[in-house]
Amino acid sequence: MISFNIKHLGWKGMACSAILAAATLTACSDWDDHFETNSSVLDSQRSTLWQQIEKADNLKEFASLVKKTGFDEKLNASQTYTVWAPVDGSFDYDVLSNYSDERVLREFVENHIARNNYPASGQINQRIYMLNEKKMQFNGSSDYDIQGIKLAVPNQSSCINGTLHAINGKVPFLSSIYESLNNYDFAIDSISKYILSFDEKKIDESKSKKGPVLNGEQTYLDTVYYEHNELFSYYDAFINREDSSYTMIAPSNTAWDKAMSTIKSFFNYRPEFDFYEKPADGTVQKIKLQDADGMRDSISKVAMFTSLVFNNNIYDNKKLKTLNTGSTLNADSLVTTIETKMYSEDAENLFAHAQRVDKSNGALWVTDDSLYMRTWTYWNPEIRIEAEYSNYWAGTTNVNNDQPEAKAVNRKNEEVLGRISNGYYLEVEPKGMVNPEMYFFLPNVRSTEYSVYVVFVPGNINSKNYAGPLKKNHVEVMIGYADEKGKSTEVTWKDIDSSVDSLQNVEGMTAKIDTTYIGDITFPISYVGLSSSNQMYAPYMRIRSRISNKQTAIYDRTMRIDCIILRPKNLDDYIKAHPDYKYDLRLD
């Protein structure tokens, strides 16, 4: 039984390392042990911040909102704070009163309070972190302001636990991308609910005060937590960090629904299906999935999320910092946080129908009713199987020592046209006069239609002095997979010739590295997320040399294979119509 876990997806080549996100720290205590005040003060200064706020005639509205959130208890305790309180009538009190307590606390109360003591005295030019981690600029010498809002009454009260300033207005709250995952201003709660579902609090053991071990478990006298989101750490998309800069595409609910319908079509799973465990001898085993529908839903949503976030500090992504609504993106390419690339034509379309909304750590781009993203750019990419990688080998017959040899390319003959991907190819030599054949697993196949290609390498790749004549390969190609009912089936293409295009000149023989079209095939089920480090559940391809003894003067039994290409059919058609089109050639 195969069970699905998000950590086994690894959209970055199906393998990523989780990095712990240092997010907003909160404690279940009042932090009294961490921020104690000095008790040696005058009796006239023994009132708390809350006592001063509560009795101030000009801060009744502020006091009401503080009490609404329960933060009055914090301001009445011993921890040291500085409060910049908007005076009555200077802010949208009626609007804020209708917000939830949690939202008022985060966007208003904590946006006007900082830990430690910041009196208005002398020359000030200081960056201050408020309780919600927003950075504010506190400036002045005789006139003072906080983030551009003038202080109406500097040092209105000096209290036992800090300083109270009255200010002429509300300090603007600029949410981060993460904080904008709500339905306040835009209908984006589909993507928001998915991302927020991974939120969890974890104990910061280095900052928590340990208690006794009870029943084998560590207890804590003072527990400090940090916020963690598995998606952010696993896919390097820390949209919750104030000191970062990201761009995130936020599909509207309608766009989300349309895109998810398309994405899910690539991830059809069956609860049970046949798998060719050893294709060379026909061994088939039956595979059972624990939750096929849940796996489809999870992988589809991961595919969506990983296509939407860009780090603004790398590559041409830097141009996103100044891109405005309605402007044309002038960039060669954009790279997502999982390092998949979208070239200019596709990147431009992504922003052409979206609205930029500035955030404290970058920008959110909210789409209209569609997400203008071609399916092959992220959700259904081209798959390339490097033939020399032994983890793709599913078996072989009729070769030296029953094992193929992966050998490095030494490009002495620069007249050979084309390039070998990854610098290596697989050479499969016959044993005597017997035709060799090679089996490959085809991992991460989606439930979609592909155009299949095999890239063959000519015999003179390593030397101008190749003992010719230069010959073609003549092969039979078979693909084995599970049909729509989960039963094993095979499709075969016969009499496939590689095209050598050999030339004779004084320098010797030349040829080209040949991408040979095999045919089109539709896989009814998806295999994404099924493979592990020691088992690859995937369809297979057999490439068999098919040469009679009479044909050896024309054809070469030795097969030199660079890679296998499974190109989505719609991408293949688009390339034929647009030969200059650039797209990401990453390994899936």
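## A guided tour of the model

Select Asn422 to begin: it sits in the loop between β23 (405-408) and β24 (424-428). Helices (H or I, at least four residues) and strands (E, at least two) are DSSP runs, numbered from the N terminus. You are viewing a predicted model, in which local features need pLDDT of at least 70, side-chain atom pairs count only at pLDDT 80 or more, and totals for chains, interfaces and linings use all residues. Residues are numbered from 1 along each chain as its sequence is written, and side-chain values use heavy atoms, with hydrogens and water left out.

Asn422 has a positive phi of about 70° although it is not a glycine. Most residues other than glycine have a negative phi. With a relative accessible area of 41%, Asn422 is partly exposed (buried means under 20% relative accessible area, exposed over 50%, partly exposed in between; 1.4 Å probe, protein chains only). Now jump to Tyr315, in the loop between β16 (309-311) and β17. Tyr315 is not a glycine either, yet its phi is positive, about 50°. Tyr315 counts as exposed because its relative accessibility is 51%.

**Into strand β17.** Next, select Leu334 in strand β17 (residues 333-335). Is Leu334 buried or exposed? Its relative accessibility is 0%, so Leu334 counts as buried. Show its contacts (heavy atoms within 4.5 Å): leaving aside residues up to four places away in sequence, Leu334 touches Phe310, Asp316, Asn317, Leu320, Leu329, Thr340, Lys341, Met342, Ala347 and Phe351.

**Helix α5.** Move to residues 101-109, where Arg103, Val104, Glu107, Phe108 and Val109 are the buried residues of α5. They lie on the same side of α5 because they cover an arc of only 155° around the axis, taken from the directions from the helix axis to the C-beta atoms. These buried residues pack against α2 (60-69), β2 (81-86), α4 (93-97) and β3 (113-115).

Rings of Phe, Tyr and Trp (its six-membered ring) pair if their centres lie within 6.5 Å; planes under 30 degrees apart count as stacked, over 60 as edge-to-face and the rest as tilted. The structure holds 26 aromatic pairs. Among them is the stacked pair of Tyr581 and Tyr583, 6.0 Å centre to centre with 10° between the planes.

Finish at Arg241, whose charged end sits over the ring of Phe238, 3.8 Å from its centre (NZ of Lys or CZ of Arg within 6 Å of the ring centre and within 35 degrees of the ring normal).
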